[in-house]
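I opened this model to look up a few things. My notes follow the order in which I checked them.

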Amino acid sequence: MPQIVVENLVKRFRVAERPPGLLGALRGVVSRRYHTVDALDGISFDIEQGELVGYIGPNGAGKSTTIKIISGILVPDSGRCEILSRVPWEDRKAHVAHIGVVFGQRTQLWWDLPVIESFDLLRDIYRVPQTEYIRNRDEFIETLRLESLLDTPVRQLSLGQRMRCDLAAALLHSPSILFLDEPTIGLDAVSKLAFRDFIARFNKERGITVILTTHDMDDIEALCERVMVISDGRILSDGPLEELRARVSRERRLVVHLTEEDADVSDPDATVTRREDYRVHLSFDPDRVSAADLISRVTAAHPVRDLFVENPPIEEIIARIYEENAL
């Protein structure tokens, strides 16, 4: 049985309209107009235990609204949602005891308290047994390299330091499900890598279910086998990352670093898409010609310094899905 069941969720927001300028503001006081925004327009999905799912879409697509509903923060207008056989907004106290949530632009730590005191408070709030708390706390401190931060007030932490502490805080009570809403926003490359490594390890070793919403496609490629794409409150695609690529395009790319700058690298089964001095980018369909055959042809015709085969960036794949939907 799936841990998370969502069926035909609908959430609409009533948004006030105000004409620009001082006169518009005065009119708004007397007679205010509204329009309705469909944040979620009947979305449905199931998630099994231990899945690590990417949930992506443009700003305003409905990602954060979904996370807030399945976290129990918002109540939908209609539809069904069950997490671990509970309705999140009807049984919030029991529900939050089994989930962890990390919002990239908010913190659950106390701003003026040292990090370790925030951890201790969370232990009391979630009533975590002492032995379990110590085991989790010590593991997270070591894995996320928090030793030097424990006595520092949260307000004095950098963004990357705070996010590592927030991640540990969200997992101290051993939740079954972890919701990550833009967790790496604003982080430097080193902090992002540490964050990804920890999530992948925790998901694998403890079997925790993870839903990740992000605009960073590197996070999606590094972590997620399954990806759900949402736009305008509707699910456009749901499946393995490779199926998502195949649905949009079977294109692959061969990047060749030549020893001759102006060499004419042409092949009837490939298209030159870009040249950069000694580097040539070729696009090809693997159903028409295999990567091995294309490499053999190119290396037989030209001296090659280096080469590699790659998929189109995931950003391009997602952009094409949005374009298809707009059409």
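**Entry 1: R33 and its sheet**

I began with R33, which sits in strand β2. This is a predicted model, where local features need pLDDT of at least 70, side-chain atom pairs count only at pLDDT 80 or more, and totals for chains, interfaces and linings use all residues. Residues are numbered from 1 along each chain as its sequence is written, and side-chain values use heavy atoms, with hydrogens and water left out. Helices (H or I, at least four residues) and strands (E, at least two) are DSSP runs, numbered from the N terminus.

Is R33 buried or exposed? At 59% relative accessibility, R33 is exposed. The cut-offs are under 20% relative accessible area for buried, over 50% for exposed, and partly exposed in between, with a 1.4 Å probe and protein chains only. I then listed what R33 touches, leaving out residues up to four places away in sequence: V15, A16 and E17. Contact means heavy atoms within 4.5 Å.

Two strands pair if DSSP finds at least two bridges between them. I counted twelve bridges between β1 (residues 4–17) and β2, antiparallel. One pair I noted: A16 has Y34 in β2 as its bridge partner.

**Entry 2: Helix α2**

How many residues of α2 are buried? Six of the eight are, so α2 is largely enclosed by the rest of the structure. They are K63, T65, T66, I67, I69 and I70. Just after α2, I found G72 with a positive phi of about 90 degrees.

I moved on to β5 (residues 99–103), where five of five residues are buried. I checked each face: I99, V101 and F103 lie on one side, G100 and V102 on the other, and both faces are covered. β5 runs parallel to β6 (residues 177–181), and five bridges join them. In β6, L178 is the bridge partner of G100.

M228 has D238 in β9 as its bridge partner. The two strands form a hairpin with two residues between them, and D232 in the turn has a positive phi of about 55 degrees.

**Entry 3: Pockets and cavity**

I searched a 1 Å grid over the protein atoms alone: a cavity is a set of points where a 1.4 Å probe fits but cannot get out, a pocket is an open set with protein on both sides within 12 Å along at least five of seven lines, and lining residues have an atom within 4 Å of a point. Grid points are joined across faces, edges and corners, and a volume is the space filled by probe spheres set on the points.

The largest pocket has a volume of about 560 Å³. Of its 21 lining residues, V96, I99, V101, Q108 and Y126 are closest to the centre. Which element supplies the largest share of this lining? β5 does, with five residues.

The second largest pocket has a volume of about 270 Å³. It has 15 lining residues, and N59, S64, Q105, D181 and E182 lie nearest its centre. α2 gives the most to this lining, three residues.

I found one cavity of 30 Å³ or more. About 50 Å³ of space lies in the largest cavity. Its lining is E139, T143, F198, R201, F202, E205 and R206. α7 (189–206) supplies the largest share, five residues.
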